[in-house]
Amino acid sequence: MNEEKKKIVLPAIMTVNELANSFGVPVTVIIKQLLSNGVLATINDNIDFETAAIVADDLDYEVSQNEEQTTDEVASTGKRVEAGELRPPVVTVMGHVDHGKTSLLDYIRKTKITEKESGGITQHIGAYQAEYKGKKITFLDTPGHEAFSAIRAQGAKVTDVVILVVAADEGIKPQTIEAIELARAANVPIVTAITKIDRPEANILRVEQELATHNIVTEKWGGKDIIIGVSAKTGEGIDELLDLVLLTADLQELKAEKNVSATGFVIETKHDPRVGYTATLLVQNGTLKIGDPFVVGIQAGKVKSMEDYLGRRVKEAGPSMPVRVTGFGVTPNAGEFFEVAMSEKQAHELAAKKSKQATARRISVSSSDLSRLTAQIRAAHASQIAVVLKADVQGSLEAIKNQLAKIRTDKGEIKIIAEGIGNISESDILAAEGERAIVVGFKVSVAPSAASTAKKDKIQILTYDIIYNLTDDLTKILLESIEPEKVETQAGKATVLKIFRDDRHEKIIGMKVVSGRMAVGNIVKFSRAGEEIGEGTVKLIKHLTEEVSEATPGNDFGFLIQTDAKIQPDDTAEFIKVDYRKAKLI
């Protein structure tokens, strides 16, 4: 009868040395076990629980995790606060470039941002507040939709309503479609504003028809979508637009707690030579105050100063209020979650813990031989990279899918064959096995059984903590796994004068260049009386006694050529330049 496995409880993150002490074995034993599982780690490196569990299984231990959930893991789920007071809605204005987003906000805020910016196009991500009928509304102005995408990749629902801006004189454009997809993926209600209706070339009916092809159907056609024409020049329709935004927000009963420690997201970042690193923070819950210690990403900081969107100094900021904050050691990233800590000490401890978690999550990727993976895919002559995709929450999954859909070449693409929410399981490995796919995880762990099956079946698992690292690696794998296209162009022609050395596989041949320019590395094809007799590769070129880089017309040259062909005087030589054209993104 088999002995019952010894049981042990391990933390989420630990060093290799700590793991060795937990098992009571020399650290070299742990390092050896990690290496056998494809993980390169030294005594002080961090490893996560899932990696430790694989080692434990090899050492005949049964492990369980010391359950801990950080504040950001709870908050970044994007769940609504059920209790608390009503808060202002957060509205993201999205749409194609130069379709009137900023002009619309200018009219609402009664400021003249457009005149201060180049070409009337928004040059930065901004966050502003306006008051309408005694109620505040927070607006996010997002060119390129970067902040919206980054925050949504965290799985958080920071936006309550999206105003989709479409110009009446231009209609739907690529960024319009992207905005629709982003809003739908985030499950955010859309209010469509058809702008520039005051222009002579405005065609509202055409825009409504184009919107209908993307399943945004106006109420007057029997649909349920809100579509309204507006003009930032005359103000027509803007009051009605704001009424509809407030109505859409009221239906959601948006609430937040004021008397708790603040949490929220980074909207934009900047480096100001006078005050250092700054960031626009959007408070989601609680109240942010001067002097509050905080954690954002993997860094700790302290609120030194705060300004509202008009540049006025403020001492505190409540739910849905955007503020420009100083007190960062390095620039935070747009979309990162921030939280206020109880003390500076706790802030630094939290930041250190999150840094360890991020390091541990990166182990599987940093230790993976991506070049070997690329070579395997290339050897299989695959026209696409098959991927099984797992993510922590639906928002992350949709954000990654949206980005991967854009990564295409003229010869291949990334194909998601299976997807899901939650940790990588054995069934994910089995799904990948059929099509020799890569299993890619975002902010998820790998079950020990999945890791074991993947190792046995030689299925590569890549896990990431940052969405951009994920897309960058998959882009690199796609580009480098496609065999470069061989492109041949004629470099020139020459006539054989004399054979100076005639070895079996290598010859020195004197030739007179007739046309073109020949270089080392060219392929040379020999023919006699119009019939090809063999080919070779140019290894060296000499003119008289000097080695030269190329041979030019009208002169005699000596060529060292690697070839098996039987060459004779008066044979014709055609030189071919070979280039290898790598796949490019389209």
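Modeller: Axes are lines fitted to C-alpha atoms, for helices over the stretch in contact, and angles run from 0 to 180 degrees between N-to-C directions. The model is predicted, with local features needing pLDDT of at least 70 and side-chain atom pairs counting only at pLDDT 80 or more, while totals for chains, interfaces and linings use all residues. Residues are numbered from 1 along each chain as its sequence is written, and side-chain values use heavy atoms, with hydrogens and water left out.

Biologist: Why are α5 and α9 called roughly perpendicular to each other?

Modeller: The axes of α5 (residues 101–109) and α9 (residues 238–250) cross at roughly 90° and come within 11 Å. Angles of 65 to 115 degrees count as roughly perpendicular (under 35 roughly parallel, over 145 roughly antiparallel, the rest oblique); α5 and α9 are therefore roughly perpendicular.

Biologist: Which residues make the contact of α5 and α9?

Modeller: Contact means heavy atoms within 4.5 Å; L104, Y107 and I108 of α5 meet I238, L241 and L242 of α9.

Biologist: What makes α1 roughly perpendicular to α2?

Modeller: The axes of α1 (residues 16–23) and α2 (residues 27–36) come within 8 Å and cross at roughly 115°, which makes α1 roughly perpendicular to α2. Their contact includes F23 of α1 and L34 of α2.

Biologist: How do you know that strand β22 is mostly covered?

Modeller: Buried means under 20% relative accessible area (exposed over 50%, partly exposed in between; 1.4 Å probe, protein chains only). In β22 (residues 384–391), 7 of the 8 residues are buried.

Biologist: How do you know that β22 and β24 pair?

Modeller: Two strands pair if DSSP finds at least two bridges between them; β22 and β24 (residues 438–442) have 5, in the parallel sense.

Terms used:
Helix = DSSP H or I, 4+ residues; strand = E, 2+ residues; numbered from the N terminus.
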